[in-house]
Amino acid sequence: MTAHTDPIDDRDDAVLGQVRDLFERSDPMPADLPDRIRFALTVKALQAEVAEIIESASLATRGDVERTDSVTFTRGGLSLMVKHSASADGRAVRIDGWVTSGGARVDVVVAAETRTVVADARGRFVVDGIPRGRVHFIVWTDPDSPDERPVVTPSIDV
């Protein structure tokens, strides 16, 4: 018998391996967890405010594929509504959006790529040729202000 103060040995490694295998089978790590961690760290680094989803069409939850046609996000007095449609070949999407702040800068972040667009005076914008996958938006209502805190949305699959 070994004491709790003894160094970890092969027997301990074997038991810990069995515990790990048990948890991997019964409660596996979500596949998108590393993406969510990177997102959380990015938000922290930006000291941004995070918008919440207030309305969506066919949005699924944990474990399901989160495919949706339109989503509305809100944070404070800012709302962002986005709708996507597939390109002719189905490999990319067009995102039509509206933000409550005309002239806002909207960053569309997918994988390692960021596309930036400025909404018109009515808050409308279009971004074409976005590859399918997880996407989130960063909204800057006053892009010229050095003190502005951006609003970041949760990721969705398009």
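## Helix α1

The expected span of a helix is 1.5 Å times one less than its number of residues. Helices here are DSSP runs of H or I with at least four residues, strands are E runs of at least two, and both are numbered from the N terminus. Helix α1 covers residues 10-26, and its 17 residues should span 24 Å at 1.5 Å a residue; the end C-alpha atoms sit 24 Å apart, so the two agree.

At the start of α1, a side-chain oxygen of D9 comes to within 3.1 Å of the backbone nitrogen of R11.

## Ground rules

This is a predicted model, where local features need pLDDT of at least 70 and side-chain atom pairs need 80 or more, while totals for chains, interfaces and linings use all residues. Residues are numbered from 1 along each chain as its sequence is written, and side-chain values use heavy atoms, with hydrogens and water left out.

Now for β9, residues 134-140. Six of its seven residues are buried, meaning under 20% relative accessible area with a 1.4 Å probe, counting protein chains only.

Which strands does β9 pair with? Pairing takes at least two DSSP bridges between two strands. Strand β6 (residues 105-110) runs antiparallel to β9 over six bridges, with R105 bridged to W140 in β9. Strand β11 (residues 156-157) is also antiparallel to β9, over two bridges, and here R134 has D157 of β11 as its bridge partner. Strand β10 (residues 151-152) pairs with β9 in the antiparallel sense over two bridges, with I138 opposite V152 of β10.

How values were computed:
Polar contact = N/O pair within 3.5 Å; in protein donor to acceptor, adjacent residues only side chain to side chain. Buried < 20%, exposed > 50% of the residue type's maximum accessible area, 1.4 Å probe, protein only.
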